[in-house]
Amino acid sequence: MTKPSLPDLLHAAVSAVGGTERPGQVAMAEAVAEAIDDNSHRLIQAGTGTGKSLGYLVPALAHGERVVVATATLALQRQLVERDLPRTVDALHPQLRRRPQFAMLKGRSNYLCLHRLHEGAPQDEEDGLFDQFEAAAPTSKLGQDLLRLRDWADETETGDRDDLTPGVSDKAWSQISVSSRECLGATKCAYGAECFAEAARERAKLADVVVTNHALLAIDAIEGAPVLPQHEVLIVDEAHELVSRVTGVATGELTPGQVNRAVKRSAKLVDEKIADALQTASESFERVMELALPGRLEQIPEDLGYALMSLRDAARNVISAIGATRDKSVHDEDAVRKQALAAVENIHTVAERITNGSEYDVVWYERHDRFGATLRVAPLSVSGLLREKLFEDRSVVLTSATLKIGGDFNGVAASLGLSPEGVEGDDVPLWKGLDVGSPFDYPKQGILYVAKHLATPGREGTRGDMMDELAELIEASGGRTLGLFSSMRGAKAAAEELRGRLDNPILLQGEETLGELIKNFAADPKTCLFGTLSLWQGVDVPGPSCQLVVMDRIPFPRPDDPLMSARQKSVEEHGGNGFMAVAATHAALLMAQGAGRLVGASGDRGVVAVLDPRLATARYGSFLRATLPDFWYTTDRNQVRRSLAAIDATAKADGK
């Protein structure tokens, strides 16, 4: 039997999902197939509307090797597992003569734990353990959530938190879930045979395609104990998010509350002298943290150093002692020991990491009004880790609508530990970049307007001229505005100000769930929706409801951001341009994602307005503009108002 051709397979898959083939999608599928055949690596930029998920799924399924697809957002994971994969498998079956299996796999804490549900969660109160379902008043929100979870446990097939609708609070979920460190293990657990997390892992072992998230991919790479099944192909979608997700997984933190909980959990499991030593270390750490001021610690202060060494040593002794102790007076001792061990091991790991000190780590204090001080440690860069762990022994395809920064792939490649394209050498993974473009006619569908006449935004304070400009733009467009702000404070200030000045309803991030906000925004064209830039990455907002996307300023990282400023300084010390490599690249990615909210279909028309003159006047402005879609560019405020009014009039005439 002749092997079916890739174009035929792609045509069948696209027809099955009711789409139309795009030249960019065909080019992408061919590049992915080539990478899999050659066991090589690709960075592929595929603009919105390309149909990139089919562009990588079809060649991956056709090849027949096991593939892992890692995404950043829950929305894309669900789309792949609930829509794209079932339809594609059905469509390809007649030609492939086989039906590839697929499965979703997440971290253990995403699944309901039957042991904790039935046996109760170890509590931190002095009187030891009690049933959390009895303790939470049924009339309280927590009590109602827990009762609903108990009912759901009897009917769910997956135990996956994301299959529970409506969802529950993190506090409620933590009562019936465990981390991988707290898990007893299937062989020791009375509920091991029914375990939802174990069932998900078993399904993944049998699947041809495993859909997971960036965080689990990072855990798989960092912790050395494989979580993902053996695979020959790795596809990273939404790859512009990968570095920040891996950094998050590789970041450790310590707080007085967290240390205190570990003390209480372990106190009954070790002898008094060992427990007292951890208690004393905890108290001295708490005293140091009370005086902590936010900011980077280039040197560890002496008092903090002593407190961390005491914590490290006391935690090590507790870990050894817990391992040797059995106490039959403690109810469900194995679970209690496991939870206590997990808490103390985390403290030991972070305290030792900071105490040992590494030029490749950044340490800083954060302070929160409600929760007090936190001590954090994060890698200065994850590029070496990614180069070593990601690109060995498999073909890797990284794709996103935003991988070319300032016009080329090399910036993103460097953050992944790759050399510039085409550079060869020992231990240097070779890769190729491909931009398959977009099916949209950006110069005809959109305008990029920079408000060049406004004052340059300062660090703090309200911007009266910016508020006036924003109000005039919203009036010209008749509403239909997505406002993307560089801070939540900026979004709130603009919402408060303009609610008093305009008749248009203004929705604000945080006042409703994201799904509810988008639904209400789409339902009424007069409505505006304000929020932060980072929240709107990957969120699709329907055409006529969103004809104006406004960004209040270029979203550079805060100058006092400890990790970003340390990374910038490191680049400069190695002879590079730290501002362009870190701050400008960070801003460019966010702006490109924000601008991508405007055009999602061939009929969409609108304006991206940037209320920061530096995009037009500063030397780095052209670098940032080169990362944005190729909209028609203007700084003429009158022209933009006329265009917005015309777009609004057309939408109204169409009854939208």
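**Burial, fold and salt bridges in a predicted model**

At 16% relative accessibility, Thr585 counts as buried (buried is under 20% relative accessible area, exposed over 50%, and partly exposed in between, with a 1.4 Å probe and protein chains only). Thr585 sits in helix 23, residues 578-595. Helices (H or I, at least four residues) and strands (E, at least two) are DSSP runs, numbered from the N terminus. Setting aside neighbours within four places in sequence, Thr585 is in contact with Ile405, Met580 and Phe623. Contact means heavy atoms within 4.5 Å.

The model is predicted: local features need pLDDT of at least 70, side-chain atom pairs count only at pLDDT 80 or more, and totals for chains, interfaces and linings use all residues. Residues are numbered from 1 along each chain as its sequence is written, and side-chain values use heavy atoms, with hydrogens and water left out.

The chain contains 26 helices and 18 strands. Along the principal axes, the C-alpha atoms fill a box of roughly 75 × 70 × 60 Å. Of the 656 residues, 52% count as buried. Among contacts in the chain with a separation of 6 or more, 76% come from residues 24 or more positions apart.

The chain has 72 positive and 93 negative side chains. Lys and Arg count as positive, Asp and Glu as negative; His and the chain ends are not counted. The centres of the two sets lie 2 Å apart, with each charge placed at NZ of Lys, CZ of Arg, CG of Asp or CD of Glu. Side chains of opposite charge can pair when their charged atoms come close. A search of the whole structure finds 35 salt bridges (a side-chain nitrogen of Lys or Arg within 4 Å of a carboxyl oxygen of Asp or Glu).

Arg148 and Asp145 meet at 3.9 Å, N to O. The two residues are three apart in helix 7 (residues 141-155), so about one helical turn separates them. Asp145 is buried at 3% relative accessibility, whereas Arg148 is partly exposed at 28%.

A second salt bridge joins Glu298 and Lys569, at 3.2 Å, N to O. This pair links distant parts of the chain, 271 residues apart. Glu298 lies in the loop between strand 7 (295-296) and helix 14 (302-324), and Lys569 in helix 22 (residues 562-573). Glu298 is exposed, with a relative accessible area of 51%. Lys569 is partly exposed at 34%.

Glu472 and Arg637 form another salt bridge, at 4.0 Å, N to O. This pair also links distant parts of the chain: Glu472 is in helix 19 (residues 464-477) and Arg637 in helix 26 (residues 637-653), 165 residues apart. Glu472 is partly exposed, with a relative accessible area of 33%. Arg637 is likewise partly exposed, at 33%. Both residues belong to a network of salt bridges that links Glu469, Glu472, Arg637 and Arg641.
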